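This briefing is meant to be read beside the sequence and the coordinates.

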Amino acid sequence: MIGTLRRRTYLQLFASARNDGKLTVTNRLIIAVILASVVMAVLGTEAALASEYRSFFIIAEMAFGVVFLVEYLGRIWSSAEAEGSAPSWRKRLAFVVSPFGLLDLAVVAASLFPLLVTGAPLFRLLRLLRLAALMKFGRFSLALRELGSAIAERRYDLFVTLALAAALLLFGAAALHWAEGPVQPEAFGSIPRAMWWSIITLTTVGYGDVSPITPLGKFLAALVALGGIGLVAMPTGIIAAAFSDAMQRHRRRAEALQQAHDHQD
């Protein structure tokens with residue numbers, strides 16, 4: 001009886017243990033709770049709402065914390081059903097120290113610890129960590145693996161782009177230090193000071209708090225800005241192309257598996 005219940009709990013909590021790999025009803029409910037808890041944590045940073053509905057926020061956060069604690073304990077208990085011939089305690093220990101096990105523990109701590117410590121805004125912000133718990137579900141972790149694989153395939157292209165960006169960043173800071181340093185020492189008096197302007201310009205943010213005033217400085221700034229447009233677009237295109245290739249490979253593998261399954265039938 002207990003073994004059957006533990007097996008059912010394992011199949012409900014660990015979607016990857018199922019043959020189809022689809023999200024279970026329990027997984028969907030937990031995802032809904034995670035999203036609701038994140039929305040509640042965001043709304044709780046608004047002082048007017050937090051003070052007017054203080055009791056509601058406290059009760060809701062306690063409920064979320066209990067749900068995550070029960071889920072965590074359920075995963076530890078049912079992980080004894082994982083594949084392998086290792087003893088039950090070793091399988092449970094393996095889950096506890098696994099990345100997803102540590103993530104679950106962090107989510108529980110982020111949910112309950114702010115309720116025990118008053119005046120801890122930093123710890124309350126840690127509740128947003130619960131959004132990272134979505135990674136443990138099969139569909140989300142698959143997408144992350146595909147993205148990681150895509151980035152790994154293009155790592156040399158990205159490294160070259162990063163090296164070019166660093167070179168242009170240093171060139172911009174050095175050039176503006178040379179051109180603007182004598183007239184604006186507080187902003188361009190040294191290369192580290194000019195680095196702030198170079199970063200903001202290269203990333204096309206353009207706060208406008210620091211800008212060149214000499215003709216030479218404006219010319220050099222224009223070169224850095226134009227170079228920044230291309231360098232910002234390059235890694236975006238590289239990652240997008242790599243991710244598209246990874247998704248196509250995944251689609252072809254799924255179609256091949258489906259065709260093999262159809263032939264068996």
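The points below describe a predicted model, grouped by topic.

Of the 265 residues in the protein, 31% are buried.

**Nonpolar core**

- The largest nonpolar core has 20 residues, and those with the most contacts inside it are Phe-14, Ile-34, Met-40, Phe-64, Phe-68, Tyr-72 and Phe-95.
- Helices α1 (2-13), α2, α4 and α6 (99-116) each supply at least two residues of this core, and the largest share, 6 residues, comes from α4.

**Helix α2**

- Helix α2 covers residues 25-43, and its 19 residues should span 27 Å at 1.5 Å a residue, which agrees with the 27 Å that separate its end C-alpha atoms.
- The buried residues of α2 are Asn-27, Ile-30, Ile-31, Val-33, Ile-34, Ser-37, Val-38, Met-40 and Ala-41; of these, Ile-34 and Met-40 are also listed among the residues with the most contacts inside the largest nonpolar core.

**Salt bridges**

- The count of salt bridges comes to 3.
- Arg-6 forms a salt bridge with Glu-81, with the closest N and O atoms 2.9 Å apart; this pair links distant parts of the chain, since Arg-6 is in helix α1 and Glu-81 is in the loop between α4 and α5, 75 residues apart.
- Arg-75 and Glu-71 meet through their side chains in a salt bridge with an N to O distance of 3.0 Å, and because these two residues are 4 residues apart in helix α4, about one helical turn separates them.
- Both Arg-75 and Glu-71 are buried.
- The side chains of Asp-104 and Arg-75 also meet in a salt bridge, at 3.6 Å from N to O, and this pair links distant parts of the chain, with Asp-104 in helix α6 and Arg-75 in helix α4, 29 residues apart.
- Asp-104 has a relative accessible area of 4% and is buried, while Arg-75, at 3% relative accessibility, counts as buried as well; the cut-off behind both assignments is a relative accessible area under 20%.
- Glu-71, Arg-75 and Asp-104 are linked in a network of salt bridges.

**Aromatic pairs**

- A search of the whole structure finds 4 aromatic pairs, and one of them is formed by Tyr-72 and Phe-95, a tilted pair at 6.5 Å centre to centre with 40° between the planes.
- Because Tyr-72 lies in helix α4 (residues 54-78) and Phe-95 in helix α5 (residues 88-96), this pair ties together parts that are 23 residues apart in sequence.
- Tyr-72 and Phe-95 are both buried, and each is also listed among the residues with the most contacts inside the largest nonpolar core.
- Trp-196 and Tyr-207 form a stacked pair, at 6.1 Å centre to centre with 15° between the planes, and they link distant parts of the chain, with Trp-196 in helix α11 (residues 191-202) and Tyr-207 in the loop between α11 and α12 (215-264), 11 residues apart.
- Trp-196 is partly exposed, with a relative accessible area of 40%, whereas Tyr-207 counts as exposed at 57% relative accessibility.

**Helix α11 and what follows it**

- The buried residues in α11 include Ala-194, Trp-197, Ser-198, Ile-200, Thr-201 and Leu-202.
- Just after α11, Thr-204 takes a positive phi of about 60°.

**Surface patch**

- Val-39, Leu-43, Leu-49, Tyr-53 and Phe-56 form a nonpolar patch on the surface, and together they have about 460 Å² of accessible area.
- Val-39, one of the residues in this patch, has its place in helix α2.

- Phe-243 lies in helix α12 and counts as partly exposed, at 29% relative accessibility.
- The C-alpha atoms of Phe-243 and Ser-149 are separated by 8.3 Å, although the two residues are 94 residues apart along the chain.

Key. Residues numbered from 1 in each chain as written. Predicted model: local features only at pLDDT ≥ 70, side-chain atom pairs only at ≥ 80, totals over all residues. Heavy atoms only, no water. Phe/Tyr/Trp six-rings, centres within 6.5 Å; stacked < 30°, edge-to-face > 60°. Buried < 20%, exposed > 50% of the residue type's maximum accessible area, 1.4 Å probe, protein only. Patch = residues over 30% accessible without salt bridge, like charges linked within 9 Å, V, L, I, M, F, W, Y side chains within 5 Å. Areas by Shrake-Rupley, 256 points an atom, 1.4 Å probe, with all protein chains shown as cover. Salt bridge = Lys/Arg side-chain N within 4 Å of Asp/Glu carboxyl O. Expected span 1.5 Å × (residues − 1). Core = buried A, V, L, I, M, F, W, Y, C linked by side-chain atoms within 4.5 Å.
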